[in-house]
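Please read it beside the sequence and the model.

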Amino acid sequence: MPQYAAIIYSPDVDWTAPEQAAEMGEYNAFAAAAGAVIRGGAALYPTSTATTVRVTGGKGGDVVTSDGPYAETKEVLTGFYLLECADLDEAVRLAATIPTAWNGAVEVRPVIDFGR
């Protein structure tokens, strides 16, 4: 059965903060309802915890790191689910029930199976 990444874009928040408890309850409800098709996923810490890595000069070049996100945007990647669905239509229907879809965006992309 094909797998789809449901990539979550929302305002940059700390999902571990007490003020996120109500929304986390919505995510827990989603996970309970969709548990049969969820194959993985994770929430991410805020972009303030990110380290951006670049290699100047291509492969073997100098590694350069900087604190923070790659770019400043209104909505950031805050998590993802790996869903196993019959087809894209089912994945889209399910993505519409992820809480971020109501005030942010959920990008659905097919996952390439390299036969591992």
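## Basis and overall fold

Helices (H or I, at least four residues) and strands (E, at least two) are DSSP runs, numbered from the N terminus. The model is a predicted one, in which local features need pLDDT of at least 70 and side-chain atom pairs count only at pLDDT 80 or more, while totals for chains, interfaces and linings use all residues. Residues are numbered from 1 along each chain as its sequence is written, and side-chain values use heavy atoms, with hydrogens and water left out.

The protein has two helices and six strands, and from the N terminus on its elements follow the order β-α-β-β-β-β-α-β. The C-alpha trace spans about 45 × 40 × 20 Å along its principal axes. Of the contacts (heavy atoms within 4.5 Å) between residues at least 6 apart in sequence, 72% join residues at least 24 apart.

Of the 116 residues in the protein, 28% are buried, where buried means under 20% relative accessible area, exposed over 50% and partly exposed in between, with a 1.4 Å probe and protein chains only. A nonpolar core is a set of buried Ala, Val, Leu, Ile, Met, Phe, Trp, Tyr and Cys residues joined through side-chain atoms within 4.5 Å.

The largest such core has 17 residues, and those with the most contacts inside it are Phe30, Tyr81, Leu83, Leu94 and Ile98. Strand E1 (3-10), helix H1 (21-34), strand E5 (76-84) and helix H2 (88-95) are the elements that give two or more residues to this core. Apart from its neighbours within four places in sequence, Leu94 is in contact with Phe30, Ala34, Val37, Leu83 and Cys85.

## Aromatic pair

Rings of Phe, Tyr and Trp (its six-membered ring) pair if their centres lie within 6.5 Å, and planes under 30 degrees apart count as stacked, over 60 as edge-to-face and the rest as tilted. The count by this rule is two aromatic pairs. Trp15 and Tyr27 form an edge-to-face pair, because their ring centres are 5.4 Å apart and their planes stand at 70°. The pair links distant parts of the chain, with Trp15 in the loop between E1 and H1 and Tyr27 in helix H1, twelve residues apart. Both Trp15 and Tyr27 are buried.

## Surface

Val53 lies in strand E3 (residues 51-56) and counts as exposed, because its relative accessibility is 54%.
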